Amino acid sequence: MIGVDFGTLSGRAVVVRVGDGAELGAAVHEYAHGVIDERLPGTGVRLGPDWALQSPEDWRQVLRVAVPQAVAAAGIDPGRVIGIGTDFTACTVLPATAEGVPLCELGSFAQRPHAWPKLWKHHAAQAHADRINAVAAKRGEAWLPRYGGKISSEWQFAKGLQVLEDDPEVYGAAERWIEAADWIVWQLTGVETRNVCTAGYKGIRQDGVWPSQEFLAELNPGFAGFTGKFGPEPVALGGAAGTLSAQAAAWTGLPEGIAVAVGNVDAHVTAAAADAVRPGQMVAIMGTSTCHIMPSDVLAEVPGMCGVVADGIVPGLWGYEAGQSAVGDILGWFVETCVPGAYEREAERRGVSVHEHLTALAAAQEVGRHGLVALDWHNGNRSVLVDHDLSAVVVGQTLATRPEDVYRALIEATAFGARTIVETFEAAGVPVREFVVAGGLLKNRFLMQVYADVLRRPLSVIGSAQGCALGSAIHAAVAAGAYSDITAAAAVMGRRSEAAYLPDPGRSAAYDLLYAEYRRLHDHFGRGEGAGGSAGSGGPAGLGGSGGPAGSAAFGGNDVLHRLRALRNRAGA
């Protein structure tokens with residue numbers, strides 16, 4: 001099997017043996033354009049604040065380059081490959097013609113920003129998401145509680161409404177509004193399909209229906225027919241979208257006619273790679289951002305979740321999703337912009353990266369020694385506040401604060417954000433029985449131990465460095481008929497190490513005190529509340545009340561972060 005994972009900055013392919021999940025060869029192709037967030041390629045057209053686009057040609061190049069290289073690295077005859085599966089970041093979505101041609105590749109639209117694919121972390125549609133949430137709440141839309149009471153600016157409807165109102169001509173020319181996860185499968189098969197995962201989580205499809213035309217018309221009369229751009233009915237995960245076309249066979253060097261699995265989201269396929277497809281197994285895919293996904297046999301309304309979708313991870317169970325908009329990106333930003341040259345030189349002298357140098361210095365500290373607490377909102381908050389206009393906060397800095405102090409506080413902040421999510425699930429009656437970690441941040445053992453200590457629970461870890469691509473290969477095995485279903489395939493081809501990191505009781509007790517301060521700041525700046533943990537959010541005990549200097553009357557509650565964001569956007573307009 002071939003599994004292909006389309007990430008934020010690159011695409012990677014892996015060759016996987018069907019019988020046992022062994023990874024025989026892999027290759028990575030870096031996107032030539034990466035994240036387009038300043039100017040459109042080849043033009044002087046500038047993008048506004050919070051924009052993030054991508055190029056479809058970068059995705060095609062992954063098929064042309066990474067897939068043949070992975071097969072070569074595996075040393076196998078391409079004729080032995082019987083299926084290919086793919087996964088994508090989401091919601092990464094693009095406008096296209098009825099034939100699947102991206103509008104940005106048509107000469108008349110190449111210099112129009114809204115004609116380009118919007119990457120998952122395009123957050124310029126926050127105002128449109130706010131309107132969607134307000135109108136849905138006013139109308140009592142039945143689907144809204146399935147998304148924790150708010151949909152995100154990252155999702156299909158907010159981004160689509162932004163296109164309609166900012167560039168109606170592009171909106172009108174878009175005969176299809178399609179997730180990249182489905183578009184790349186269209187490129188592979190020549191057949192247009194949709195998958196239940198992106199349709200449910202990013203397209204607000206619940207109980208077999210999209211939001212009504214009446215609801216969409218109340219947002220904007222021209223938006224009433226938006227779902228008509230969504231194409232055919234979604235196909236179940238593990239299903240076959242079609243077979244590899246002659247054109248895609250020429251790109252990839254694979255046999256024409258092999259099975260192609262329906263599209264999927266990078267995080268959701270990873271559950272199969274970790275053999276974590278049973279109720280209560282929460283998988284945190286930790287990289288530039290973190291996505292938390294979990295199958296469950298319980299349906300509940302979990303505040304601030306990205307969504308709960310029937311069959312959204314594996315058929316037969318409810319699939320929950322939550323997430324943090326930035327984790328690795330926060331640490332990367334800090335190293336790139338805030339570390340003195342002396343630290344870079346010392347890291348070079350030691351023969352390690354700046355990240356490794358800072359990690360070693362941070363790990364030598366006792367919990368709380370730096371005197372800091374931070375909010376992990378450098379890219380907004382996905383869960384549980386669902387507000388991408390929020391920004392980061394670091395409290396407690398003095399003239400004695402060193403880079404390693406802030407670096408450790410930022411790691412801890414992301415762990416506190418994860419604990420907030422876990423507690424919110426459990427407070428809503430959805431138990432988290434196992435916490436499984438996947439993704440690139442697994443290589444930082446100190447960070448993993450911080451998470452175990454903060455969460456007060458063991459961490460299991462995936463047994464693959466290419467979890468997304470392996471998960472896609474597992475789905476391809478089901479689509480090709482090698483296994484009866486995803487659960488059966490995951491049991492053979494997936495793998496994880498249980499309880500790889502155990503919490504230290506002393507450090508956990510110390511982190512409880514820091515977490516209490518995190519939750520005070522979280523609710524003060526994020527909810528406009530005082531010192532208390534909000535109802536139903538699973539906040540730590542003993543934080544009731546809104547008096548004292550942390551009260552919103554003293555500092556304006558959450559308004560300050562929104563006011564700063566508005567001033568920044570006006571200055572950059």
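Modeller: A residue is buried if its relative accessible area is under 20%, exposed if over 50%, and partly exposed in between (1.4 Å probe, protein chains only). The model is predicted, so local features need pLDDT of at least 70 and side-chain atom pairs pLDDT 80 or more, whereas totals for chains, interfaces and linings use all residues. Residues are numbered from 1 along each chain as its sequence is written, and side-chain values use heavy atoms, with hydrogens and water left out.

Biologist: Why does His29 count as buried?

Modeller: His29 has 18% relative accessibility and therefore counts as buried. His29 lies in strand E3 (residues 23-30); strands (E, at least two residues) and helices (H or I, at least four) are DSSP runs numbered from the N terminus. Beyond its neighbours within four places in sequence, His29 is in contact with Ser10, Gly11, Asp58, Gln61, Val62, Val65 and Ala66, contact meaning heavy atoms within 4.5 Å.

Biologist: What makes Leu244 count as buried?

Modeller: Its relative accessibility is 1%, so Leu244 counts as buried. Leu244 is located in the loop between strand E9 (240-243) and helix H8 (246-252).

Biologist: Why are H15 and H16 called oblique to each other?

Modeller: The axes of helix H15 (residues 467-479) and helix H16 (residues 486-493) cross at roughly 130 degrees and come within 9 Å. Axes are lines fitted to C-alpha atoms, for helices over the stretch in contact, and angles run from 0 to 180 degrees between N-to-C directions. Angles under 35 degrees are roughly parallel, over 145 roughly antiparallel, 65 to 115 roughly perpendicular, and the rest oblique. H15 and H16 are therefore oblique.

Biologist: Which residues of H15 and H16 meet?

Modeller: Leu470, Ala473, Ile474, His475, Ala477 and Val478 in H15 meet Ile486, Ala489, Ala490 and Met493 in H16. By class, this contact has nine nonpolar, one polar and no charged residues (Ala, Val, Leu, Ile, Met, Phe, Trp, Tyr, Cys and Pro are nonpolar, Asp, Glu, Lys and Arg charged, the others, Gly among them, polar).

Biologist: How do you know that the radius of gyration agrees with a compact globule?

Modeller: For 573 residues, a compact globule would have a radius near 25 Å, and the protein chain has 23 Å, which agrees. The radius is taken over C-alpha atoms, and the rule is 2.2 Å times the number of residues to the power 0.38. Buried residues make up 60% of the 573 residues.
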